[in-house]
Amino acid sequence: MTSPLVVAIDGPSGSGKSSTSRGVADRLGLAYLDTGAMYRAMTWALLQHGVDLDDPDAVAAAADEVTLVSGTDPLEPTIHADGVDVAEPIRSDEVTGSVSLVAAVPHVRELLVALQREVIAGSPGIVVEGRDIGSVVVPDARVKIYLVADPAARAARRAAENGGADTAATEQALAARDRIDSTRAVSPLVQSEGAVVVDGTHLTLDEVIDAIVRIVDAAS
């Protein structure tokens, strides 16, 4: 019996993971899970509850009380925290500036990795994006992609997504996020064993999707 197809797409902030992953899932008729949105939703919920995010013990305790539900339609992905649709508020500057603190807490990662594996296990085929999918969440994924782009390209994309924000400041913020994500003690951002590197610096979104679909087809 063939195991369900899991396509793990990891990479740093601003590399185009979300648009690419949704496009690949839609093209292949697969479900889609944005694990980064789950960490953002947890962060949003903790901020709403006034939790001191600089206190890992307080974050860990409060995280147990948060209920997250992720929709897996690549064309209309959803994320709810405690019954509230948080797709928009999780993209706020406050959440963006705080999510790395929350994501670095081991108990939060334990909770969300378990939830992610539950969603994956319940799907006949899925594209999962994040920073530790191929290394931790689904190390036996049939296809592992590590999506990269040079810092300037990543900053330009993220600044455009944020309504024309300052590109230089955005590049500095992304560099800071990379340092935190790559050096945290638990589930750091790494290129997992067996992952295929796809560099989207000089490619259009459709070209990146095409490249990954070819990789998936070759592995199927």
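Aspartate 10 has glycine 130 of strand E6 as its bridge partner, and aspartate 10 stands opposite tyrosine 146 in strand E7. The model is predicted: local features need pLDDT of at least 70, side-chain atom pairs count only at pLDDT 80 or more, and totals for chains, interfaces and linings use all residues. Residues are numbered from 1 along each chain as its sequence is written, and side-chain values use heavy atoms, with hydrogens and water left out. Helices (H or I, at least four residues) and strands (E, at least two) are DSSP runs, numbered from the N terminus. Two strands pair if DSSP finds at least two bridges between them.

Six of the six residues of E1 are buried, so E1 is largely enclosed by the rest of the structure. Here buried means under 20% relative accessible area, exposed over 50%, and partly exposed in between, with a 1.4 Å probe and protein chains only. Both faces of E1 are covered, with Leu5, Val7 and Ile9 buried on one side and Val6, Ala8 and Asp10 buried on the other.

E1 belongs to an open sheet of five strands with parallel pairing, in the order E2-E6-E1-E7-E8. Its edge strands are E2 (31–34) and E8 (196–199), each of which pairs on one side only. Neighbouring strands of this sheet are turned by 20° against each other on average, direction ignored. Axes are lines fitted to C-alpha atoms, for helices over the stretch in contact, and angles run from 0 to 180 degrees between N-to-C directions. E2 and E6 (residues 125–130) pair in the parallel sense over four bridges; in this pair alanine 31 stands opposite isoleucine 126 of E6.

Helix H9 (residues 205–219) packs on the sheet, touching E1 (5–10), E7 (143–148) and E8, and the direction of H9 makes about 160° with that of E7. Contact means heavy atoms within 4.5 Å.

**Two helix pairs**

Two packed helices are described by the angle between their axes and the distance between the axes. The table gives these values for two pairs.

| Helix pair | Angle | Axis distance |
|---|---|---|
| H1 (residues 17–28) and H9 | about 55° | 9 Å |
| H2 (residues 35–48) and H5 (residues 106–121) | about 135° | 11 Å |

H1 and H9 are therefore oblique to each other. Angles under 35 degrees count as roughly parallel, over 145 as roughly antiparallel, 65 to 115 as roughly perpendicular and the rest as oblique. The crossing of H1 and H9 is right-handed. A crossing is right-handed if the near helix is turned clockwise from the far one by less than a right angle, and left-handed if anticlockwise. On the H1 side, the contact includes Ser19, Thr20, Gly23, Val24, Arg27 and Leu28; the H9 residues include Leu205, Val208, Ile209, Ile212, Val213 and Val216. The residues of the contact of H1 with H9 divide into eight nonpolar, three polar and four charged. In this division Ala, Val, Leu, Ile, Met, Phe, Trp, Tyr, Cys and Pro count as nonpolar, Asp, Glu, Lys and Arg as charged, and the others, Gly among them, as polar.

H2 and H5 are therefore oblique to each other, and the crossing of H2 and H5 is right-handed. The contact is made by Thr35, Met38, Tyr39 and Met42 of H2 with Val108, Arg109, Leu112, Val113, Leu115 and Gln116 of H5. The residues of the contact of H2 with H5 divide into seven nonpolar, two polar and one charged.

E4 (residues 79–81) and E5 pair in the antiparallel sense over two bridges, and histidine 80 stands opposite aspartate 85 in E5.

**Helix H4**

The buried residues of H4 are Val95, Ser98, Val99, Ser100, Val102 and Ala103. Their cover includes H2, H3 (56–63), H5 and H8 (167–183). Serine 98 is found in H4 (residues 93–103) and, at 13% relative accessibility, counts as buried. Not counting residues up to four places away in sequence, serine 98 touches Thr43 and Leu53.
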